[in-house]
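Consider how the parts of a two-chain model are put together. The paragraphs below go through the domains, their interfaces and the contact between the chains.

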Amino acid sequence: MVFSSSAFLFFFLPITLIAYYCCPAKFKNLILVFASLLFYAWGEPKYILIMLFSTVFDYINGRLIGKFQEAGKNQAAKGVMIVSVVGNLGILGFFKYTNLALSTVHSITGMVVPTLSIALPIGISFYTFQTMSYTLDVYRKQVKPQHNIIDFAAYVTCFPQLVAGPIVRYIDLETQLKDHRVTMDDVAEGCRRFCIGMGKKVLLANSAGAIWDSLIASDLTRVPVATAWIGAVCYTFQIFFDFSGYSDMAIGLGKLFGFTFPENFNLPYISKSITEFWRRWHISLSTWFKEYVYIPLGGNRKGVPRQILNLLIVWALTGFWHGAAYNFLLWGLYYGVLLIIEKFLLKKYLDKMPAALCHLYTMFLVVMGWVLFACDDFGKLKQYFAAMFGANGAGVANGSTLYILCSHLVLFILCVLCSSTLPRKLGEKVSEKYIWVKDLILILIFVVSISFIIGSSYNPFLYFRF
Amino acid sequence: MKRNYLIVACFFLIVAAGCVSYMITPDKKFSPDENRYLTERPKCTAKALLSGEYTEKMDSYATDQFALRTKAITLKTQVSKLAGVKDGNGVYFGKDDTLMLKKTPQEFSQQKYENNLFAVSAFAKRNEKIPFYVMLAPTASYIWKDKLPSKAVDYDQREKLDQAAAYFKDDENITLVDPSQELLQHKGEDLYYRTDHHWTEKGAYYAYRSLQEAMGRKPKEYKADKVTDSFYGTLYSKVLPFGMKPDTIEAYRPGSKVEVSHSNGKKVTDSIFDEDKLKVKDKYQYFLGGNDDEVTIKTGNKNGQHLLIVKDSYANSFLPFLVDDYETIHMVDLRYFNGNMTMYMKTKKINKVLVLYNLNNFDEDTSIVKVQMP
């Protein structure tokens, strides 16, 4: 199920909230687990089994690690931790990467290999990473093993952040699982945040995405330079507003249920370097890789060559996490290389450069990155880059370029403004007395978003590959 | 505390009201405004549940049966227009309160277009003794180019018509009738509906003049009755804009008495018009009652002229001008007709063929290729 659907808004959400608010505190987690399983089962009922398995598997692993550590059997505890990691990565690998591996074997050796008809269970990359954070943190003695399986299941299945993040680590939720009282301030903040996220996803991301989709489906050899750039910028906006909108809705829903999730996006498009961009983009994912891959590999403590290797490993994995196709791997390595270059070479120059230039440099690379990210067909990718740099001979602009620009001028302006610090500054300026003005605007956004959901068939879910 | 009431109250009110409205309003089978069938509440069976079919249907049910659905679509259209967006759901918001179908050059399927030209040419070759008249009707986005939103680039209908002319150049028994000059000369008149993708009776009339000219006949004068002035067509249904004026339907009344048989005699009437259709949403069906696989119109004129029209719905409002000139007119809509064309032509003693499609349809329709089957 997706948040931006009428089935979610008008059936699932009100019914779940009523049940949740009305039941006594000790059953709240149980209600949440039931609701989450229903939410997850909506698209693909059978995959609920994987999630249940994941939950029970890591619940037991957590308990065992705790038990062995108490008894001083550290080797045994380590063994269980490894079993847990292998198990989780095994599930992820099997469902997500099997077909890519098979088709790669086929294209290298020419052998005829069958492909499996397995659909990727939605959100699997998110929740396997979450459960792994739990067993790893238990092993590292950062958290105590959870004894209550319902509380643990509530963490794993928690529907607000189930399918598109943020990747909430167990350590962030540990105490909240015991006590998630909901105050009026939480509920109000949750509603506000949900409306903002909904507007970003439905009004901005979907509108920008429609332009990109129609462009990428057309004959790219006839797309002129300006149109190609407009398309790339549209995708850049689409993925940001879609993804951060989704995170906003998740954080808002979390608030409605009394949880505080970590922030996931912090205005990434105002960054003045790629390093800064990745501190602001999908923060929960970068944190996860830093915490569980980069630092355990030795981070920057084992000399520069090792650090470079570690960075490349982390970024190759980050790329691959986004989807089972080689363009994602390439996209990850692209950022790995850029970050290494910035760290060891460019940093001192970037510090001296005028801010506007730094910003231009960053956004240029980010837009290039998104084109790489969006085209999983290398033929298309080549054609698209050719179009962007005029190598296809289709000229600088044509009639449709102007039409797209004119017809969507307001959209583009809104996208730029909403990527900037302006809305945040305005929000902070609003005094207590005039908060109703802000709230009225948010309600208006919510109502218009609903009309866009009802009135259009175009409502893509971008993370089915994650 | 107090500061929170407004947002919380409104948010929950909207969500709860939406929820309750599904329960208290009965399901609608058909949406006349949108002119389409709606998804009704699916039955919950174990099989449907496990296969995911149930939840999928529930999703479209929740969108389709939303109590304020048409209002929501109108709001979406109005917000888009306010934001300067110049098209929505495949429809241009044109000037002078006119809606037009949107088809960009990229959306035009050259391959299918040529396949269909080929099919017509093969059909004519198989019946080389019979004169063929092929008319591809230009649509509003060409004739009323001035009414397109500024900077809009639709596919080049002039170019496509020229391609057709070049294509049929060697087919001796095909005459391509291009009504665009005649239509362009009168573009100030109501040639197309503002809310529908069809031409009006007047638009059809100017095209008819072109046909008569090609056949070397004198055209009749235009005179028509107003049939209704509350027609909201298919384009309107797609975007449901606010405060749009309805269209007027006019109809030319031929003098001859007719016997009209639909689908090989399944239904026989004495008029090429269907008064009942003025009560439904899609009032264009007033002409001939909509599209049937086969319609035969018998007139009292014993002149030995038997015309076959292979057509789409543009021909339905074109027909009235032809009735008086033929003994019988047979209309075949290949989207629904599955008989053998050669046999059909023989048994009906056809001695003249008109192929009439609107250009927007001619690169999309996949049934035209049926004409070339032996």
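Buried area is the accessible area (1.4 Å probe) that two parts lose on being put together, summed over both. Domain bounds, which are also needed here, come from an automatic or database domain assignment. By that assignment chain A is divided into domain 1 (6-179) and domain 2 (186-465). Between domain 1 of chain A and domain 2 of chain A the buried area is about 3400 Å², and carbon and sulfur atoms give 73% of it. The centres of these two domains of chain A, taken over C-alpha atoms, are separated by 26 Å.

The model is predicted: local features need pLDDT of at least 70, side-chain atom pairs count only at pLDDT 80 or more, and totals for chains, interfaces and linings use all residues. Residues are numbered from 1 along each chain as its sequence is written, chains are lettered from A and ligands numbered from 1 in the order in which they are written, and side-chain values use heavy atoms, with hydrogens and water left out. The scores of the model are ipTM 0.87 and pTM 0.87. For chain B the average pLDDT (the predictor's confidence in each residue, from 0 to 100) is 91, and 99% of the residues score at least 70. Within chain B, confidence is highest in strand β6 (residues 132-137), at a mean of 96, and lowest in strand β2 (residues 36-37), at 78. Helices (H or I, at least four residues) and strands (E, at least two) are DSSP runs, numbered from the N terminus.

Return to the two domains of chain A. Contact means heavy atoms within 4.5 Å; by this rule 39 residues of domain 1 of chain A touch 41 residues of domain 2 of chain A. A polar contact is a pair of N or O atoms within 3.5 Å; within protein, one must be able to donate a hydrogen and the other to accept it, and residues adjacent in sequence count only if both atoms are side-chain atoms. Twelve residue pairs (both at pLDDT 80 or more) are in polar contact across the interface of domain 1 of chain A and domain 2 of chain A. By class, the side of domain 1 of chain A that touches domain 2 of chain A has 26 nonpolar, eight polar and five charged residues. Ala, Val, Leu, Ile, Met, Phe, Trp, Tyr, Cys and Pro count as nonpolar, Asp, Glu, Lys and Arg as charged, and the others, Gly among them, as polar.

How many salt bridges are there between domain 1 of chain A and domain 2 of chain A? The count is two, where a salt bridge is a side-chain nitrogen of Lys or Arg within 4 Å of a carboxyl oxygen of Asp or Glu. The side chain of A:E291 meets that of A:R169 in a salt bridge (3.9 Å, N to O). A:E291 also forms a salt bridge with A:R140 (3.3 Å, N to O). A:E291 lies in helix α11 (residues 283-294) of chain A and A:R140 in the loop between α5 and α6 (149-157) of chain A, so this pair ties together parts that are 151 residues apart in sequence. Over all chains, the count comes to 38 salt bridges.

Chain B is divided into domain 1 (2-67) and domain 2 (99-372). The C-alpha centres of these two domains of chain B lie 40 Å apart. Their contact takes four residues from domain 1 of chain B and five residues from domain 2 of chain B. The two domains of chain B bury about 390 Å² between them, with 56% of it on carbon and sulfur atoms. In domain 1 of chain B, the residues that lose the most area to domain 2 of chain B are B:D33, B:E34 and B:N35, together 83% of what that side buries. Between domain 1 of chain B and domain 2 of chain B there are zero salt bridges and zero residue pairs in polar contact (both at pLDDT 80 or more).

The contact between the chains remains. Here 48 residues of chain A are in contact with 44 residues of chain B. About 4200 Å² is buried between chain A and chain B, and carbon and sulfur atoms give 74% of that area. A:W42, A:Y403 and A:I454 supply 17% of the area that chain A buries against chain B, more than any other three residues. Between chain A and chain B there are zero salt bridges, but ten residue pairs are in polar contact (both at pLDDT 80 or more). Two or more residues of the chain A side come from each of α1 (6-22), α8 (184-216), α16 (399-407) and α19 (435-455) of chain A. The largest share of the side of chain A that touches chain B, 15 residues, is from α19(A). That side has 33 nonpolar, eleven polar and four charged residues.
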